[in-house]
Amino acid sequence: MGASVKRVEDLRFITGKGQYTDDITLPGMTFATIVRSPFAHANIKNIDFSAAKNAPGYVASFVGGDIPEAIAGVPCGWQVDFKNGDTMKEPPHPLLARGKARHVGDAVAVVVAETQAQAKDAAALVDVEYEELPAVVNISAALKDGAPQLHEGVPNNCIFEWELGSGMDVVDSALASAAHVTKLDIVNQRLVPNAIEPRCAIGDYDDSRDFHTLYTSSQNPHMIRLLMCAFALGLPEHKVRVVAPDVGGGFGSKIFHYIEEALMVWVAEQIKRPVKWTAERTESFLTDGQGRDHITKAQMGFDSDGKMVALKVETDANLGAYLSTFSTAVPTYLHGTLMQGLYTTPAVHITVNAGVTNTAPVDAYRGAGRPEATYVIERLVETAAAEMGVDPAELRLKNFIPPFDGSENQPGYQTQVALQYDSGNYEGVLNRLLEMSDYENLKKERDTARANGKLMGIGFSTYIEACGIAPSAVVGSLGARAGLFEAANIRVEPTGSVTLFTGSHSHGQGHETTFAQLIADDLGIPMENVLVVHGDTDKVPFGMGTYGSRSLAVGGSAIVKSLEKIKAKGAKIAAHLLEASVEDLDFADGKWTVKGTDKSVAFGDVSLTAYVPHNYPEGLEPGLDETSFYDLVNFTYPFGAHMAVVEVDPDTGKVELKRFICCDDVGNVVNPMIVDGQIHGGVAQGIGQALLEGAVYDESGQLTTASYLDYALPRADDLPTFELDRTVTPCPHNPLGVKGAGEAGTIGSTPAVVNAVVDALRPLGVKDLQMPLSPQRVWAAMQQAK
């Protein structure tokens with residue numbers, strides 16, 4: 001525990017020995033290509049397969065009308081009520097469009113052939129007659145009277161209107177009496193996740209057993225099985241196996257139950273052969289669950305001493321054409337509940353109007369609601385500091401929640417937006433950041449640069465996030481349609497080696513290393529003696545997958561519970577072998593020892609006895625195999641402080657990121673190197689949003705950034721060497737004291753970079769910029785200011 005052990009899984013990945021879904025080949029396998037709508041909004045008048053059926057290798061083809069009405073399609077996994085108590089609108093999301101296409105890339109038909117190339121060629125011969133309809137892509141426009149309507153029964157395209165926090169009258173009154181009010185209009189632009197491995201799904205049907213198997217590039221196979229069986233296809237779960245093998249990245253985009261997964265399962269049963277669908281990169285751009293896309297009006301009020309008195313946020317949230325699995329939770333319970341930030345603001349209110357548009361569905365993307373909330377708060381704070389002429393670090397320190405550890409003497413902090421923070425020392429991370437950056441000298445360097453005509457800027461961001469996405473009772477009361485616990489089964493073999501079956505799925509997080517560290521450290525055995533198994537519903541007892549930085553906080557805690565059971569049973573066996581009582585034994589360094597003596601028995605001897613029970617405690621079951629389910633009692637709350645230092649080219653508007661410094665607090669750390677890697681990746685993605693990335697739809701609903709020629713991802717030469725450090729404030733309510741690290745970098749980095757660029761341009765009169773801060777956009781802002 002606490003050692004930077006190299007990732008054991010990397011050897012197979014870097015030597016090409018990983019097995020991803022598309023690597024799987026089954027006997028008799030066929031291949032599917034999906035015919036997708038070229039229009040954002042259109043009636044489907046007719047579909048002609050006559051030419052496709054004569055194509056070489058053709059096997060079968062299906063349209064929406066071929067699928068029984070009882071198969072309604074994939075569900076939304078989270079119910080959000082209107083602020084007046086009405087139930088949200090939930091339009092159906094069919095496996096194949098029925099009569100109407102609602103976004104470019106909407107699945108209209110599927111063609112199956114003997115090879116992938118033949119399926120693609122046959123699909124190109126399908127003749128679809130469309131009647132194009134007016135489209136709407138901007139969420140604020142979609143919610144207005146007279147906008148094109150996507151679904152019957154969804155007036156004004158509004159899925160729900162939701163609010164949280166202090167009373168609106170309380171917030172309005174506080175703002176009206178504030179000594180200073182900062183106002184901003186903010187667009188948190190849409191992003192495309194771009195996992196390195198495109199999505200893939202293989203359906204296989206064994207008619208001799210009436211048994212379905214789905215192989216899929218998913219972050220949570222048990223959740224996929226649950227949603228597919230209970231909602232999408234209505235299959236009995238004991239007749240369905242879902243396997244998620246090695247997965248090449250997800251960033252949230254592989255949490256959701258996609259139509260292609262259920263469709264391949266259904267098609268396989270129809271043709272009685274396995275069928276594989278693998279997305280091409282353009283399909284990924286058009287159909288993967290996208291992220292962000294909020295339009296927000298925000299106000300923050302201060303008294304004459306610079307203390308925050310109120311925050312008011314009004315957000316229009318774009319959910320895309322259909323409701324994805326967690327889409328409705330993102331702008332509400334993962335976004336609205338974080339509007340307290342790190343501050344003592346006594347009055348906070350947020351309103352969210354969520355609706356549908358003729359665009360790809362929007363759902364959780366790395367950070368999922370937390371980056372959007374942090375961006376609003378931190379842009380307001382930095383702007384307010386400039387308007388009031390105070391140092392942005394000092395303004396934050398003045399308004400931070402005082403340190404607390406979650407103990408009885410320093411209980412959790414109750415926010416104005418429902419959540420109760422577990423523990424935190426927010427001034428600690430910011431003060432450490434100021435030390436790391438040598439802030440006072442850095443400000444002098446900026447002054448000197450400006451005196452020499454350079455546009456240098458410094459930007460801050462402090463953040464908090466809610467991780468673990470638990471407990472189940474709480475999220476259930478908020479509309480979740482599943483529990484959010486985690487399971488771990490630990491099987492000790494007779495020779496003392498250990499196999500862990502975990503419901504937490506690894507797609508880059510390094511679970512095979514960190515979970516093995518956890519078990520090896522606790523049992524006193526070598527790491528090489530621990531095998532980590534995940535991603536197969538037939539092997540793992542159950543699990544809710546990996547997202548929301550929950551793997552250690554929830555999955556790791558389930559492992560600890562199972563380890564405690566293993567050691568408790570092992571102690572009974574050891575006591576019998578040592579002719580002592582359980583109370584007289586200590587367990588350390590892989591052996592049980594009678595207190596005050598040198599009499600001991602090793603873990604391996606106990607495990608062998610458990611399976612060869614010749615000399616064994618009477619009434620105790622043989623074997624050493626334990627399963628635990630763990631449900632958090634609260635979210636965990638990592639936090640941190642980030643700083644960006646930039647220089648802007650006055651002639652081109654190009655932003656050069658000179659330094660990026662961050663101090664994060666993710667609680668206790670199992671593997672510092674892996675946590676650093678998680679922070680690095682998150683920061684890179686956050687910088688990508690600030691400077692480069694943005695999914696752009698034109699007025700007709702065409703995605704104009706549907707390739708890497710038009711969608712700019714950050715590259716190595718866009719990024720400086722990151723300067724990282726950590727403080728440690730353990731979580732008080734899980735056995736490991738961990739908080740979560742996977743999304744921290746994404747949440748804190750984006751506002752820090754934007755704040756730095758605005759700071760650089762402030763001498764020119766620029767007060768705000770909308771992301772991404774491309775050279776053209778920055779240059780245009782400078783020209784307008786001049």
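## Helices H17 and H18

Helix H17 (residues 672-691) and helix H18 (residues 744-761) have axes that come within 7 Å and cross at roughly 35 degrees; here axes are lines fitted to C-alpha atoms, for helices over the stretch in contact, and angles run from 0 to 180 degrees between N-to-C directions. Helices (H or I, at least four residues) and strands (E, at least two) are DSSP runs, numbered from the N terminus. This is a predicted model, in which local features need pLDDT of at least 70 and side-chain atom pairs count only at pLDDT 80 or more, while totals for chains, interfaces and linings use all residues. Residues are numbered from 1 along each chain as its sequence is written, and side-chain values use heavy atoms, with hydrogens and water left out.

H17 passes H18 in a right-handed crossing, a crossing being left-handed if the near helix is turned anticlockwise from the far one by less than a right angle, and right-handed if clockwise. On the H17 side the contact (heavy atoms within 4.5 Å) is made by Ile679, Gly682, Val683, Gln685, Gly686, Ile687, Gln689, Ala690 and Leu691, and on the H18 side by Ala744, Gly745, Thr746, Ser749, Thr750, Val753 and Val754. The residues of this contact divide into 8 nonpolar, 8 polar and no charged, where Ala, Val, Leu, Ile, Met, Phe, Trp, Tyr, Cys and Pro count as nonpolar, Asp, Glu, Lys and Arg as charged, and the others, Gly among them, as polar.

## Two further helix pairs

Helix H6 (residues 221-232) and helix H7 (residues 259-271) pack with their axes 11 Å apart, at an angle of about 65 degrees. H6 and H7 are therefore roughly perpendicular to each other, given that angles under 35 degrees count as roughly parallel, over 145 as roughly antiparallel, 65 to 115 as roughly perpendicular and the rest as oblique. Their crossing is right-handed, and in the contact Ile224, Met228 and Ala232 of H6 meet Glu261, Ala262 and Val265 of H7. By class, the residues of this contact are 5 nonpolar, no polar and 1 charged.

For helix H10 (residues 392-399) and helix H11 (residues 426-437), the axes come within 10 Å and cross at roughly 160 degrees; H10 and H11 are therefore roughly antiparallel to each other. H10 passes H11 in a left-handed crossing, with Ala393, Arg396 and Leu397 of H10 meeting Glu427, Leu430, Asn431 and Leu434 of H11. The residues of this contact divide into 4 nonpolar, 1 polar and 2 charged.

On a 1 Å grid over the protein atoms alone, a cavity is a set of points where a 1.4 Å probe fits but cannot get out, and a pocket is an open set with protein on both sides within 12 Å along at least five of seven lines; lining residues have an atom within 4 Å of a point. Grid points are joined across faces, edges and corners, and a volume is the space filled by probe spheres set on the points. By this rule there are 7 cavities of 30 Å³ or more.

The largest cavity holds about 190 Å³ of space; of the 20 residues that line it, His93, Tyr258, Ile259, Thr287 and Pro361 are the closest to its centre. Its lining divides into 9 nonpolar, 7 polar and 4 charged residues. The second largest cavity, with a volume of about 60 Å³, has among its lining residues Trp78, Met223, Leu227, Phe326 and Arg481, and by class that lining has 7 nonpolar, 2 polar and 1 charged residues.

About 880 Å³ of space lies in the second largest pocket, and of its 38 lining residues the closest to the centre are Glu693, Gly694, Met771, Pro772 and Arg777. Two or more residues of the lining come from each of strand S8 (180-191), strand S13 (291-302), strand S27 (655-665) and helix H19 (775-785), the largest share, 4 residues, being from S8. The lining has 18 nonpolar, 11 polar and 9 charged residues.

The peptide bond from Met771 to Pro772 is cis, with omega near -5 degrees, and Pro772 lies in the loop between H18 and H19.
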